[in-house]
Amino acid sequence: MAANRTGLIYDSRFLEHDTGLALVSTPVAADSVWEPQLHAASPHLVGRAYRLLGRTGVLSQLVEIPARRATVEEIERVHTPQHVRHVRDVSLAGGGEAGEFAPASPETYEVALLAAGGALAGVDAVLAGAVRNVYGLLRPPGHHATPERAMGFCFFNNVAVAARYAQDRHGLRRVAILDWDVHHGNGTQAAFYDDPSVLFISLHQEDWYPTGMGGVDQAGSGEGDGYTINVPLPAGTGNAGYLAAIERVVAPALRRFGPELIIVSAGQDPSGVDPLARMAMSASGFRAMAAMLADLSDEVCGGRLLACHEGGYSQGYAPVCTWAVVEGMSGIRTPHEDPQEPWLGAMPCATEVGPAGAAIDRVVARHGVQWVLD
Ligand SMILES: [Zn+2]
């Protein structure tokens with residue numbers, strides 16, 4: 001069996017969700033003075049990441065796991081029936097705006113069900129011990145989708161649906177979700193804000209998208225107080241800052257919480273060349289961060305780790321960072337070197353913790369000492 005290998009979930013139908021044309025991510029008319037181009041979240045990103053895994057020789061060392069279509073019942077463990085119907089109806093009507101920055105095509109409803117079901121197939125594989133861990137190269141992403149609304153290129157919240165499924169179907173009591181996408185995981189936060197059975201940690205660029213979300217003071221409510229940990233990082237944070245956040249916040253929080261499964265919302269948009277953010281990571285930083293999460297999962301939950309693809313919008317570089325994440329999770333190291341690394345990984349903002357240190361201090365003051373070490 002392949003219990004020491006990493007699984008990969010990918011389906012070419014993920015590319016059928018058509019985000020159309022835009023000025024970066026804002027809709028404009030075809031005859032607008034702002035000549036539209038492919039939307040920032042075009043299918044090419046995920047397709048190129050999959051091909052890159054093949055070209056570098058990683059793919060042949062992975063276990064490919066088929067996605068499946070999630071049932072409406074599985075989606076409605078997180079989302080309202082009204083929301084599910086709305087996404088379906090917009091798709092059936094030929095597509096259009098399904099919420100806020102959530103362009104849908106006629107295929108979107110079915111593809112979004114397939115992406116969420118891919119995450120569920122990943123849960124099954126990880127919990128069965130069939131593989132060491134799993135990367136779900138899913139599309140569309142999910143972390144901005146709230147229980148009631150499509151947002152930020154997201155329709156159904158893949159990681160939230162997966163966490164609920166792990167609890168309901170497999171009987172897990174505690175699931176941790178780490179979201180390193182550069183944007184705040186507002187949809188995931190909303191799904192579990194008052195729930196102490198799901199620890200949600202988000203690393204993101206402060207005061208970015210969505211507006212007003214992801215402050216340190218947003219820490220959960222009721223019984224969920226302390227089980228939402230937001231780590232807003234200043235623009236320009238690079239590899240060293242992210243790794244410091246993992247060491248100083250994520251690792252102690254996971255050790256304290258003791259999850260039975262760790263799910264990562266893996267958005268590769270904190271890279272130094274992403275068009276939708278202003279961070280400074282390079283592929284080597286993503287590789288190191290993924291390896292740290294694999295090690296942490298070995299330590300706290302028998303290696304049970306499922307990463308689900310979220311954002312990452314540099315057509316050239318986001319796929320390289322995804323390749324590095326899969327290498328880091330799997331321990332595979334192909335002989336190929338990232339051509340961007342010599343300059344992108346060497347920038348002072350990539351190599352030094354810098355202002356991120358004070359930002360992390362504020363999170364530790366709110367959560368770390370009092371909560372992690374009690
Ligand atoms: Zn993002």
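The lining of the largest cavity is made up of 6 nonpolar, 6 polar and 2 charged residues. In this classification, Ala, Val, Leu, Ile, Met, Phe, Trp, Tyr, Cys and Pro are nonpolar, Asp, Glu, Lys and Arg are charged, and the others, Gly among them, are polar. Before we go on, please keep in mind that this is a predicted model, in which local features need pLDDT of at least 70 and side-chain atom pairs count only at pLDDT 80 or more, while totals for chains, interfaces and linings use all residues. Residues are numbered from 1 along each chain as its sequence is written, and side-chain values use heavy atoms, with hydrogens and water left out.

A cavity here is a set of points, on a 1 Å grid over the protein atoms alone, where a 1.4 Å probe fits but cannot get out; a pocket is an open set with protein on both sides within 12 Å along at least five of seven lines, and lining residues have an atom within 4 Å of a point. Points are joined across faces, edges and corners, and a volume is the space filled by probe spheres set on them. The structure holds 2 cavities of 30 Å³ or more, and the largest has a volume of about 110 Å³. It is lined by 14 residues, of which Ala41, Val46, Arg139, Pro141 and Glu310 are the closest to its centre.

You can find it by looking for its lining residues: Leu45, Val46, Ala49, His309, Gly312, Ala318, Pro319 and Thr322. Helix H1 (44-55) and helix H9 (318-330) are the elements that give two or more residues to this lining. Helices (H or I, at least four residues) and strands (E, at least two) are DSSP runs, numbered from the N terminus. By class, the lining of the second largest cavity has 5 nonpolar, 3 polar and no charged residues.

Helix H9 deserves a look of its own. Its 13 residues reach 18 Å from the first C-alpha to the last, close to the 18 Å expected at 1.5 Å a residue; the expected span is 1.5 Å times one less than the number of residues. Because 13 of its 13 residues are buried, H9 is largely enclosed by the rest of the structure. Buried means under 20% relative accessible area, exposed over 50%, and partly exposed in between, with a 1.4 Å probe and protein chains only. After H9 comes Gly331, with a positive phi near 80°.

Helix H8 (residues 283-301) has 19 residues and spans 26 Å from its first C-alpha to its last, close to the 27 Å expected. The buried residues of H8 include Phe286, Met289, Leu293, Leu296 and Cys301. Gly302, which follows H8, has a positive phi near 65°.

The largest pocket contains about 250 Å³ of space. Of its 14 lining residues, Ser25, Phe153, His183, Tyr209 and Leu276 are the closest to its centre. The lining of this pocket divides into 6 nonpolar, 6 polar and 2 charged residues. The second largest pocket has about 190 Å³. It is lined by 18 residues, with Thr19, Gly96, Glu97, Pro103 and Ala104 the closest to its centre. Strand E2 (21-22), strand E5 (96-97) and strand E7 (103-104) each supply at least two residues of that lining, which by class has 8 nonpolar, 8 polar and 2 charged residues.
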